[in-house]
Amino acid sequence: MPPTPDPNEIEAVLLGGEAVYTRAQAIELSGADPELAGRVWRALGFPTQGDDEVIFAESDVEALRITNSLLQEGVLDDEGVVRFARAMGQTMARLADWQTSILSTLIFKDGEGGPDNPLMGQVKELLPDVERLLLHIWRRQLAASTSRTLAVMSNGNDIVPNYYPLIVGFADLVSFTTLSRELDEVELAGVVESFEASAADIVASGGGRVVKTLGDEVLYVADSAAEAADIALRLASGIRTHVEVPDVRVGVASGPVLTLHGDVFGTTVNRSSRLTSFARPGTVLIDDTLAGDLEGADGLQVVKVRARHAHGLGLIQPYALRRNFEPGGHPQA
């Protein structure tokens with residue numbers, strides 16, 4: 001078993017210096033309110049530490065100074081600071097875990113892990129570039145999100161910024177439970193990664209946005225009926241061409257959606273999920289609202305299928321969506 005890198009050394013590299021302050025010292029140097037500093041720390045996802053534990057670096061103190069200045073200048077209030085911290089903490093925690101899994105695979109490839117692995121030095125050299133890239137991607141995503149929100153607000157004075165019409169789709173791996181019993185962990189992880197990567201490419205190229213992935217399921221949104229239809233059909237037909245991924249079924253619904261904490265909520269989301277559970281492998285089911293929006297669309301066929309009862313939603317009228325050039329009679333669901 002090769003020696004593993006020293007966690008303290010890695011932490012010092014990533015934080016720009018070793019931990020030299022206790023919690024009380026860091027708060028005092030930053031000028032932040034102790035109670036609020038504790039709330040921010042927990043919102044970032046870190047456990048409460050004792051006052052005498054030396055765990056804070058100079059960069060932590062600077063972060064607290066910035067937080068305090070946002071309060072003092074009136075840019076954010078206490079609750080705003082905590083909400084921002086929670087948003088960044090949860091997002092960055094998932095990003096960090098994802099990146100660590102990639103880097104650890106490279107560092108320990110062929111049993112060459114350890115502090116003397118030359119790749120460790122390369123990782124250190126890459127940090128400034130990765131940091132700049134991360135900042136650019138965040139700015140790019142923030143610009144896109146702001147533009148979408150402003151566009152929605154400009155369409156009507158009564159529209160609430162985080163509650164507006166969207167088209168929501170679920171793509172689900174049909175045989176995931178069976179696969180989880182038949183494959184080992186590494187093979188199953190490969191299936192999931194292939195599915196998520198393929199789905200993300202299809203959604204992004206079609207003008208949609210992936211909201212989240214749940215292993216065997218991808219939740220995405222789109223702004224237009226045409227984009228949503230194209231994405232759904234490509235997911236249902238395209239991913240099954242990958243032999244290592246089982247058939248995919250897709251459900252899509254259109255209506256008002258609450259966007260909160262980077263996620264989407266509401267009846268429209270629930271309806272999309274239920275439509276997915278009704279769909280057969282390799283097919284797409286949509287709700288009546290989206291079916292109406294797609295009526296007469298070139299190259300598409302919308303066929304009314306048997307209505308279904310969904311717990312908590314009542315009777316749902318699904319429509320099968322397919323391309324005109326696909327063979328076969330009336331699709332079944």
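**View 1. Strand β12 is covered on both faces.** On one side of β12 sit Tyr319, Leu321 and Arg323, on the other Ala320 and Arg322, and all are buried. Here "buried" means under 20% relative accessible area, with exposed over 50% and partly exposed in between (1.4 Å probe, protein chains only). In a regular strand the side chains alternate between the two faces of the sheet. Five of the five residues of β12 (residues 319-323) are buried, so this strand is largely enclosed by the rest of the structure. Strands (E, at least two residues) and helices (H or I, at least four) are DSSP runs, numbered from the N terminus. A word on the model: it is predicted, so local features need pLDDT of at least 70 and side-chain atom pairs count only at pLDDT 80 or more, while totals for chains, interfaces and linings use all residues. Residues are numbered from 1 along each chain as its sequence is written, and side-chain values use heavy atoms, leaving out hydrogens and water.

**View 2. β12 pairs with β8 and with β9.** Two strands pair if DSSP finds at least two bridges between them. β8 (residues 284-286) runs antiparallel to β12 and is joined to it by three bridges. β9 (residues 300-304) is also antiparallel to β12, with five bridges. Look for leucine 321 of β12: valine 284 stands opposite it, and it is the bridge partner of valine 302.

**View 3. Valine 284 belongs to the largest nonpolar core.** A nonpolar core is a set of buried Ala, Val, Leu, Ile, Met, Phe, Trp, Tyr and Cys residues joined through side-chain atoms within 4.5 Å. Helix α9 (residues 225-238) gives the largest share, eight residues. Beyond its neighbours within four places in sequence, valine 284 is in contact (heavy atoms within 4.5 Å) with residues including Ala232, Leu233, Ala236 and Tyr319.

**View 4. Tryptophan 41 and phenylalanine 56 form a tilted ring pair.** Rings of Phe, Tyr and Trp (its six-membered ring) pair if their centres lie within 6.5 Å; planes under 30 degrees apart count as stacked, over 60 as edge-to-face and the rest as tilted. These two have centres 4.8 Å apart and planes at 55°, so the pair is tilted. Tryptophan 41 lies in helix α3 (residues 34-43) and phenylalanine 56 in strand β2 (residues 54-56), so the pair ties together parts 15 residues apart in sequence. Both residues are buried.
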